[in-house]
Amino acid sequence: MITSTSNSQIKNLVLLGTKSKERKAQGLFLVEGIKMFLEAPKERIVQIYVSNTFYKHTEYQKEIEEKGNVQVVDDSIFHKISNTITPQGILCVMRQWKDGMETWDRVTDGIFLVLEGVQDPGNLGTIFRTGEGAGVKGIIMDHHTADVYNPKVIRSTMGSIFRIPFVKTDCLERTIKDLKKGEGAVYASCIKGGKNYTKVTYKKKSIFLIGNEGRGLTKEIIALANERVFIPMCGQVESLNAAVSASLLIYEAYRQKDLHL
């Protein structure tokens, strides 16, 4: 059992939980909590860490032992590596995804999300979770978007991170152009201009562009859209957050597709 914060594994877990550069360099990330652990793909799990108390009393001991190597950690030490206020007592190190989007341009049906500069980890995680609910086929992010492997993002996805294909791209413009192939139509979410999002007939392959929480989409990215769409609002509210905007748009597209099933 690990009982010291000077242990090299513990030091590295702290780095993985707090430093995006370390996660990228090592190609690893952390998943915490029993629900997320149970949904985690076994083949991507590198190491499992459990608090002493949790391991003694958990009803999932068999599942934990079947999924990988288990290291027991003193309760006080586990609090040091946890990213939550009240840790559940289980955390695992996982390998990051290396998959690209080579075949996405061949898809002729479905909903895709493209994110430009979405900064809030909670927003990003919620977009993944809502995206799964609306049947989103894939999520594309630029390098100004929050780190998808941030523990806050991972928690907010509630497991959707394991099921929705995603990729970060070095050139968002080129990626959007590639994604438009196969009769894809691109819709830019804007504060003003364009059409009410409920008045648009979304094509079979619908690609929605979602911008930064404060600045929105850049002019260069908006220029790639087939149509601009906006979400009407009452009162003095100027805009909705990225997760809410994305949710409304993709669920409208999902609704329209469902009507024609």
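Strand E11 (227-230) and helix H11 (242-259) each contribute at least two residues to the lining of the second largest pocket. The model described here is a predicted one. This pocket holds about 370 Å³. Its lining has 21 residues, and those closest to the centre are Ser-189, Cys-190, Ile-191, Gly-216 and Ser-239. By class, the lining of the second largest pocket consists of 11 nonpolar, eight polar and two charged residues.

The largest pocket has a volume of about 470 Å³. Lys-24, Gln-96, His-143, Tyr-149 and Lys-168 are the closest to its centre among the 15 residues of its lining. Two elements, helix H2 (20-26) and strand E7 (166-169), each give at least two residues to that lining. H2 gives the most, with four residues. Seven charged residues, five nonpolar and three polar make up the lining of the largest pocket.

A search of the whole structure for cavities of 30 Å³ or more finds one. The volume of this largest cavity is about 60 Å³. Its lining is formed by Leu-30, Val-31, Glu-32, Asn-83, Leu-91, Pro-151, Ile-154 and Arg-155. Strand E1 (28-32) and helix H8 (151-157) are the elements that supply two or more of these residues. Five residues of the cavity lining are nonpolar, one is polar and two are charged.

The table sets out the volumes and lining classes.

| Space | Volume | Lining by class |
|---|---|---|
| Largest pocket | about 470 Å³ | five nonpolar, three polar, seven charged residues |
| Second largest pocket | about 370 Å³ | 11 nonpolar, eight polar, two charged residues |
| Largest cavity | about 60 Å³ | five nonpolar, one polar, two charged residues |

Turning to the chain as a whole, its secondary structure amounts to 11 helices and 11 strands. The C-alpha trace spans about 60 × 40 × 30 Å along its principal axes. Of the 261 residues, 49% count as buried. Among contacts with a separation of 6 or more, 77% join residues 24 or more positions apart. The chain exposes about 13400 Å², and 49% of this area comes from carbon and sulfur atoms.

Two single residues can be described in more detail. Asn-123 lies in helix H7 (residues 121-133). Its relative accessible area is 8%, so Asn-123 counts as buried, the cut-off being under 20%. Apart from neighbours within four places in sequence, Asn-123 is in contact with Val-118, Glu-213, Asn-241, Ala-242 and Ala-243.

Met-158 sits in the loop between H8 and E7. H8 is one of the elements that line the largest cavity, while E7 supplies residues to the lining of the largest pocket. The phi of Met-158 is near 55°, a positive value in a residue other than glycine. Most residues other than glycine have a negative phi. With a relative accessible area of 33%, Met-158 is partly exposed.

Note on methods. Residues are numbered from 1 along each chain as its sequence is written. This is a predicted model: local features need pLDDT of at least 70, side-chain atom pairs count only at pLDDT 80 or more; totals for chains, interfaces and linings use all residues. Side-chain values use heavy atoms; hydrogens and water are left out. Buried means under 20% relative accessible area, exposed over 50%, partly exposed in between (1.4 Å probe, protein chains only). Contact means heavy atoms within 4.5 Å. On a 1 Å grid over the protein atoms alone, a cavity is a set of points where a 1.4 Å probe fits but cannot get out, and a pocket is an open set with protein on both sides within 12 Å along at least five of seven lines; lining residues have an atom within 4 Å of a point. Grid points are joined across faces, edges and corners, and a volume is the space filled by probe spheres set on the points. Ala, Val, Leu, Ile, Met, Phe, Trp, Tyr, Cys and Pro count as nonpolar, Asp, Glu, Lys and Arg as charged, and the others, Gly among them, as polar. Accessible areas come from the Shrake-Rupley method with a 1.4 Å probe; for residues, only the protein chains shown count as cover.
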